[in-house]
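Here's a quick tour of a ligand site and a pocket. Have a look at the model first.

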Amino acid sequence: MRLRVINPNTTAAMTRKIGEAAQRIAAPGTTVVTTQPADGPVSIESHFDEAISAVGVLEEVLAGEKEGTDAYVIACFGDPGLLAARELTRAPVIGIAEAAFHAASLISTRFSVVTTLSRTGIIAEHLLEQYGFRHHCRRVRAAEIPVLDLEEDGSAALSRIIDECRRARDEDGIGAIVLGCGGMADLTQRISQEVGLPVVEGVTAAVKLAEALVGLGLGTSKHGDLAFPRPKPFTGRFERYSQLSNER
Ligand code: 5HY
């Protein structure tokens, strides 16, 4: 199967890291194509960043549709553009937050999320509500690190994340931890060893879920709200979407 892993921010080093983590966990028959939008924020740390990055995600799905993609992964913990992306394809589209919540709820009764900045924590809170995992998650914690510190060798990012994970282990009454950023895709083992709890990371969880759905012959339903968008004229810089047809 052909899997397109989309990093919604435009930092090439983070896209590379996400791609390596996806390739490492993918089954032998899975071809992983890792991309990022041409336009958009270098990191996603606010509702504004999220909204802009969602258009980039949709562009990458439309490009993937021309390449016979069998499944998509949106590798940002806010799952930007997830439902809109599902409207554009029959293939499964998996957001790393949704994937991580599912995986964590299968191995623990209660989990906590450790993300980057407390200001983006609310985005994870909203997704927990939207996906129906509110009662599984004890707390959404933040290591208070800018996303791109994860790309800086020698930054305090890892030690701050480990400290916050330890606090979650000792205070939240949980059985597992969910890492709340695509840029943490290479930290799973290290943190699990340091903290002594199962650590769920969204990129790898999403890759395996995508493979499972394709293996089951399941794709995005075109019956109801995820049907292809109804064709209509778009104006200005979005004029090219006027060509979108709902027959595919
Ligand atoms: C992410 N931002 O996964 C989110 C994490 C966050 O650029 N990639 C980003 O802090 O919300």
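This is a predicted model: local features need pLDDT of at least 70, side-chain atom pairs count only at pLDDT 80 or more; totals for chains, interfaces and linings use all residues.

Residues are numbered from 1 along each chain as its sequence is written, and side-chain values use heavy atoms, with hydrogens and water left out.

Around the ligand (a heavy atom within 4 Å) you'll find N9, S43, I44, C76, F77, T115, T116, T120, V147, G180, C181 and G182. By class, that shell has five nonpolar, seven polar and no charged residues; Gly counts as polar here and Cys as nonpolar.

| Residue | Ligand atom | Distance |
|---|---|---|
| I44 | nitrogen | 2.7 Å |
| F77 | oxygen | 2.9 Å |
| G182 | oxygen | 2.8 Å |

On its own, the ligand has 300 Å² of accessible area (Shrake-Rupley, 1.4 Å probe), and the protein covers 97% of that.

The ligand sits in the largest cavity, meaning more than half of its atoms lie within 2 Å of the cavity's grid points. A cavity is a set of points on a 1 Å grid where a 1.4 Å probe fits but cannot get out, while a pocket is an open set with protein on both sides within 12 Å along at least five of seven lines; lining residues have an atom within 4 Å of a point.

The largest pocket holds about 340 Å³ of space. Its lining counts 18 residues, with I25, T188, E201, T204 and A205 nearest the centre. Elements giving two or more residues to that lining are α1 (12-25), α4 (96-107), α7 (188-195), β8 (199-201) and α8 (202-215).

Methods: A polar contact is a pair of N or O atoms within 3.5 Å; within protein, one must be able to donate a hydrogen and the other to accept it, and residues adjacent in sequence count only if both atoms are side-chain atoms. Grid points are joined across faces, edges and corners, and a volume is the space filled by probe spheres set on the points. Helices (H or I, at least four residues) and strands (E, at least two) are DSSP runs, numbered from the N terminus.
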